[in-house]
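Visitor: Can you walk me through this one? Keep it quick.
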Amino acid sequence: LSVYQEKELPLRTGDLFLIYTDGVTETFNNRGEMFEETRLIESVKSVADEGTDAIVDQVKNDLSTFTGEVSQSDDVAMIAVKIL
């Protein structure tokens with residue numbers, strides 16, 4: 001049984017939601033390091049003023065650079081939503 005809290009937040013122009021599977025942050029490189037949330041946040045920040053396609057593409061590119069030749073072991077899915 002899971003228990004969730006409900007919370008309402010005001011939305012403002014420019015707010016960004018990135019919904020992603022754990023395969024994004026738990027992607028490993030050849031040194032056994034995980035991509036983790038810190039790298040994800042930096043990736044998103046680098047293109048945060050652009051559209052949602054650019055944000056998802058940037059994260060995908062950064063994941064690819066990070067992993068190099070290491071095969072992906074988990075699913076990677078993302079949805080970006082920006083309030084206009």
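Guide: First, a definition: helices (H or I, at least four residues) and strands (E, at least two) are DSSP runs, numbered from the N terminus. Residues are numbered from 1 along each chain as its sequence is written, and side-chain values use heavy atoms, with hydrogens and water left out. The model is predicted: local features need pLDDT of at least 70, side-chain atom pairs count only at pLDDT 80 or more, and totals for chains, interfaces and linings use all residues.

Visitor: Where does E50 lie?
Guide: In the loop between α2 (36-45) and α3 (52-67).

Visitor: Is E50 exposed, partly exposed or buried?
Guide: E50 counts as partly exposed because its relative accessibility is 44%. Buried means under 20% relative accessible area, exposed over 50%, partly exposed in between (1.4 Å probe, protein chains only).

Visitor: What does E50 touch, not counting residues up to four places away in sequence?
Guide: I55 and K82. Contact means heavy atoms within 4.5 Å.

Visitor: Switching to the whole chain. What pattern does the chain follow?
Guide: β-α-α-α-β, read along the sequence. That comes with three helices and two strands.

Visitor: What does the C-alpha trace span?
Guide: About 40 × 40 × 20 Å along its principal axes.

Visitor: How much of the chain counts as buried?
Guide: 23% of the 84 residues.

Visitor: And what share of contacts with a separation of 6 or more comes from residues 24 or more positions apart?
Guide: 68% in this chain.
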